[in-house]
Amino acid sequence: MEKVREVVEVDLVVLESFPPKLRITASGTVSTGGWSHPELTPFINIQARPDGIYDFDFRADPPTG
């Protein structure tokens, strides 16, 4: 997997659940067509950030060949 070149849009929705959960949807641009299996992977911090902001890597499988 490789990082997506540019994040174009991010959408957050708070789901009605207990405890509350977020649905995060992102779209981005890559250098060529044929990329697959995009995913947002949380960036793991040793200690929780005091500002409460979470970081994610946007990654996908590049085309083969």
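1. Buried is used here for under 20% relative accessible area, exposed for over 50%, and partly exposed for what lies in between (1.4 Å probe, protein chains only). Strands are DSSP runs of E of at least two residues, numbered from the N terminus.

2. The model is predicted, so local features need pLDDT of at least 70 and side-chain atom pairs count only at pLDDT 80 or more, while totals for chains, interfaces and linings use all residues. Residues are numbered from 1 along each chain as its sequence is written, and side-chain values use heavy atoms, with hydrogens and water left out.

3. Strand β2 runs antiparallel to strand β3 (residues 21-29), and nine bridges join the two; DSSP must find at least two bridges for strands to pair. With five residues between them, β2 and β3 form a hairpin. Val-10 stands opposite Ala-26 in β3.

4. Val-7 belongs to β2. Why is Val-7 classed as partly exposed? Its relative accessible area is 46%, and the class covers values between the buried and exposed cut-offs.

5. Ile-24 lies in β3 and is partly exposed, at a relative accessible area of 29%. Contact means heavy atoms within 4.5 Å; leaving out residues up to four places away in sequence, Ile-24 touches Val-10, Asp-11, Leu-12, Leu-40 and Phe-56.

Conventions
Helix = DSSP H or I, 4+ residues; strand = E, 2+ residues; numbered from the N terminus.
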